[in-house]
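Let's take a friendly walk through this structure together. Keep the sequence and the 3D view side by side as you read.

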Amino acid sequence: KSCVHTGNSFVPVSEIIAVEETEFNKKQRNIGRWQKMAKLHAFTVYYVKKARNHRWRCSDVTFWCVDEHLCNQWIQALKESLEMQKSRPKQLLVYINPYGGKRQGKRIYEQKVAPLFSLASISTDVVITEHANHAKDNLFEVNIYKYDGVVCVGGDGMFSEVMHGLIGRMQKDSGIDQNNPKASLVQCNIRIGIIPAGSTDCICYSTVGISDPVTSALHIIVGDCQPLDVSSVHHNNTFLKYSVSLLGYGFYGDILKDSEKKRWMGPMRYDYSGFKTFLSHHCYEGTIAYQPAKDSLGSPRDKDSCRTGCYICKQSEKQLEEQQKECGLKHEEGEEEWKVIKGKFLAINAVNMSCACPRSPKGLSPAAHLADGSADLILVRKCSRFDFLRYLVRHTNQDDQFDFPFVDVYRVKSFQFTSKLSEDNESNVMDIGKKRFGQFCRDHPACCCNIVNSTWNCDGETLDSSAIEVRVHCQLMKLFARGIEEDCKDEGAYSQRSVEQLL
């Protein structure tokens with residue numbers, strides 16, 4: 001045999017990180033008779049090792065060879081195989097938020113991520129952000145087309161900033177007016193990588209299955225690609241924001257608005273504001289008009305969770321390609337039927353993904369898909385505090401959280417909301433919403449109703465407009481991710497094969 005080994009792991013080329021020649025004195029091994037026979041030559045293969053709970057780590061195995069020429073041949077052959085992995089990034093633009101979360105972004109990148117990028121021969125241009133919207137503004141100025149991807153080190157807010165910069169830049173370069181709510185947006189093919197280092201890392205958790213910087217860095221290195229739906233939010237033909245996770249009015253909007261005043265408390269502010277908002281039990285009256293996602297293969301009440309290689313998302317990708325060929329990206333949503341709901345609501349939530357997190361492993365909508373061109377619209381009607389608590393508790397267990405008479409859920413491709421108080425005549429859909437109605441109400445008899453609106457929570461940022469128009473753009477952007485994989489049964493995760501099968 002020309003090679004011996006330190007293990008029997010079978011490693012797919014797609015998950016090899018790097019191959020390097022290894023100096024003998026740096027990798028001392030008990031190799032028995034080989035050490036007595038001749039001078040040895042070696043190379044080390046660095047690869048992805050999968051562990052439990054979707055965690056990835058960089059592991060390595062060293063191969064020894066008595067023939068220097070043969071050893072070099074193997075190194076060259078493996079490096080050529082890696083070069084053929086065209087989806088892998090070679091040059092990245094990195095934005096680091098040094099203030100987010102526990103202010104650990106810079107340290108996390110330098111200690112855990114940069115060494116892996118260096119090992120994989122990825123060159124980087126690093127920008128330390130100095131103020132809000134620094135990354136977003138910078139993306140309108142730099143030559144983004146020389147990069148294979150953009151990496152953001154921070155929380156959901158940092159990701160949102162990079163996403164707005166990239167999508168906005170693409171529309172600007174293509175002459176698309178973002179203020180037109182019916183405009184067909186140009187897809188952003190420059191992938192975004194998320195290195196979690198914030199207070200909340202919901203988007204990373206929902207697309208990878210864990211908020212872990214090393215795992216996310218390895219997904220970037222191997223060149224994973226996960227399309228992602230993006231919702232645009234407009235008010236009176238004016239663009240407000242993009243959303244990829246939660247768009248919430250009422251309960252989650254009130255929590256965010258209150259927590260923004262208590263940033264000095266750190267991440268604990270969300271618990272405090274959540275408890276305070278629950279006790280206040282505010283409900284809001286308004287009209288919702290929505291277009292059902294008739295082409296979607298799934299349903300919010302089914303058990304088909306979005307996982308790696310999701311069939312429903314793949315079918316949506318095919319449908320999108322066919323529509324683009326046939327219609328030239330023309331949007332014809334006006335022909336679709338609108339459905340109208342009026343009422344008093346404790347919470348109105350629209351989610352493009354499950355919104356899973358460690359506290360809520362299933363998320364707000366367990367069967368929501370990352371790239372099916374739809375959002376799940378969840379309406380929680382006025383009910384007692386006890387019933388609302390029962391609904392919230394369902395997010396932490398395996399029970400059906402939509403199995404309540406006061407909860408409705410719809411899979412939609414667009415919707416509009418107008419609060420009763422809203423004075424915006426322009427916000428109606430097909431003459432819906434012109435009638436002004438709405439008031440703030442507390443769910444107890446001795447209430448004095450105040451005329452107040454809630455706030456929209458758009459991926460962790462506040463939107464004060466009470467009349468909005470939302471539209472889902474199918475697979476508008478891409479992440480360095482592969483969706484959530486099925487759990488590994490064992491720590492090794494790879495089948496055991498001989499070295500001859502590896503080589």
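A residue is called buried when its relative accessible area is under 20%, exposed when it is over 50%, and partly exposed in between, using a 1.4 Å probe and protein chains only. Helices (H or I, at least four residues) and strands (E, at least two) are DSSP runs, numbered from the N terminus. This is a predicted model, where local features need pLDDT of at least 70, side-chain atom pairs count only at pLDDT 80 or more, and totals for chains, interfaces and linings use all residues. Residues are numbered from 1 along each chain as its sequence is written, and side-chain values use heavy atoms, with hydrogens and water left out.

Start with strand S3, residues 56–65. Of its 10 residues, 7 are buried, so the strand is largely enclosed by the rest of the structure. Strand S2 (residues 41–50) is mostly covered too, with 9 of its 10 residues buried.

How are these strands joined? Two strands pair if DSSP finds at least two bridges between them. S2 and S3 run antiparallel and are joined by 10 bridges. Along this pairing, Phe-43 has Phe-63 in S3 as its bridge partner, and Tyr-46 stands opposite Asp-60 in S3. The hairpin of S2 and S3 has 5 residues between the strands, and there Asn-53 takes a positive phi near 60°. S2 also pairs with strand S1 (residues 16–22), in the antiparallel sense, over 6 bridges; here Glu-20 has Thr-44 in S2 as its bridge partner.

Now move on to the helices. Helix H9 (residues 268–280) and helix H11 (residues 385–393) pack at an angle of about 145°, with their axes 10 Å apart. Axes are lines fitted to C-alpha atoms, for helices over the stretch in contact, and angles run from 0 to 180 degrees between N-to-C directions. Contact means heavy atoms within 4.5 Å. Phe-278, Leu-279 and Ser-280 of H9 make this contact with Arg-385, Phe-388, Leu-389 and Leu-392 of H11.

Finally, look at H11 itself, where Phe-388, Tyr-391 and Leu-392 are buried. The cover over the buried residues of H11 includes H9 and strand S14 (407–419).
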